[in-house]
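Subject: Structure for you to look at

Dear colleague,

Here is the structure I promised to hand over. Please open it beside this message, and read my notes on the helices with it in view.

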Amino acid sequence: MKEGISVMQHNSVARIGPLDKRARLWRDIKRAKYLYIMIAPIVVYLIVFKYLPMGGIVIAFKDFKLGRGILGSEWVGLKNFHELFRSPDFKLILRNSIMLNVYLVVFTFPIPVILALLLNELRAPRFKRVIQSILYLPHFLSWVVLSGILIAMLSPSSGVVNRIIMFLGGEPIYFMADKTWWVITFVASSVWKEAGWGTIIFLAAISGIDMEQYEAARIDGANRFQQIWHITLPAILPTVSIMLILRMGSMMDVGFEHVYTLQNSYVRSVSDVFSVYVFRIGIERLRFSYTSAIGLFQSVVNLIILLGTNFLAKKVSETSLF
């Protein structure tokens, strides 16, 4: 009899459980309704522009024709991927994409951290705000504008940089036509545009550090550098790790506008990357299926790199995305 009653109670709990969860969910939504209202546009944006277009991935496995549409186009399986991997351009764009991204990670990722540490040490609020504004400003300019400024500054005949070099007795340098100098210019321009903007997250992480730790360190006789090394850096290290993991998840992507506005025929062997190649082949030649296969390949490789970096970060520092 007791066993029968316990079974009935268990069944009633099992039936009531989901209802309780739903009621609790609705209570939470009502309690934080304004927060959900604020989040709603972002959710709609992600669904409309990020998740729904994923259905178009099927184009990579078809011979897509505009007149036939996605459903009416012929299914070709992995033909587009075979063509991509056999293409003589594939090794070049893969090498350039990885090479430029490695340079960007090595030379541009640490700079926002260093700038944030330096800005945090400024004690004059007005001067600090002026410096921050100057550093942030390039981020709001398009690559079309910044590239035009760079090309004008680096012109071998009328550029201010080459005029200074010639004034000092040197020979003019063709920055935009020399492969080595083009890569240096590409990396330097990325630092110029995005380094200041990247400091925002790290400054926010620094602002969350308990000031009592610095006071205790000063009492113990620690100087500024020792406070940075033993307090500030360990405190922001989890944020740095997360940002690095996210950055590694886009190792196959190089900004289209950045490369396209600086690229020319002389340096194509070091500047031809996936984004520019997709534009040239997909948009100009209307080969949508082939370039969709390229995009899917990039996404898969980016996902593998992201998961691998996240796994290593979790093993080394116990800080990870998931």
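Predicted model: local features only at pLDDT ≥ 70, side-chain atom pairs only at ≥ 80, totals over all residues.

**How the helices cross**

Residues are numbered from 1 along each chain as its sequence is written, and side-chain values use heavy atoms, with hydrogens and water left out.

The helices (H or I, at least four residues) are DSSP runs numbered from the N terminus, as strands (E, at least two) would be. Two packed helices are described by the angle between their axes and the distance between the axes. Here the axes are lines fitted to C-alpha atoms, for helices over the stretch in contact, and the angles run from 0 to 180 degrees between N-to-C directions.

For helix α5 (residues 90-108) and α10, the axes come within 10 Å and cross at roughly 50°. These two helices, α5 and α10, are therefore oblique to each other (angles under 35 degrees count as roughly parallel, over 145 as roughly antiparallel, 65 to 115 as roughly perpendicular and the rest as oblique). On the α5 side, the residues that meet α10 include Met99, Leu100 and Tyr103, and their partners in α10 include Trp182, Val183 and Phe186, where contact means heavy atoms within 4.5 Å.

Helix α10 also packs with helix α12 (residues 224-248), at an angle of about 140° and with the axes 9 Å apart. The pair α10 and α12 is therefore oblique as well, and its crossing is right-handed. Among the residues that meet there are Ile201 and Phe202 in α10, and Thr232 and Ile236 in α12.

The axes of α12 and α16 come within 8 Å and cross at roughly 160°, and these helices are therefore roughly antiparallel to each other. Ser241, Ile245 and Met248 of α12 make this contact with residues of α16, including Ile305, Leu306 and Thr309.

**Helix α16 and the residues beside it**

Helix α16 (residues 288-317) has 30 residues and reaches 42 Å from its first C-alpha to its last, close to the 44 Å expected at 1.5 Å a residue, where the expected span is 1.5 Å times one less than the number of residues. Most residues other than glycine have a negative phi.

**The buried side of α8**

Which residues of helix α8 (residues 143-153) are buried? They are Trp143, Leu146, Ser147 and Leu150, and they cover an arc of only 100° around the axis, which puts them on the same side of α8 (the arc is that of the directions from the helix axis to the C-beta atoms). Buried means under 20% relative accessible area, exposed over 50%, and partly exposed in between (1.4 Å probe, protein chains only). The buried residues of α8 pack against α10 (179-207) and α13 (256-262). Isoleucine 149, also in helix α8, is partly exposed, with a relative accessible area of 35%.

Key: Left-handed = near helix turned anticlockwise from the far one by under 90°.
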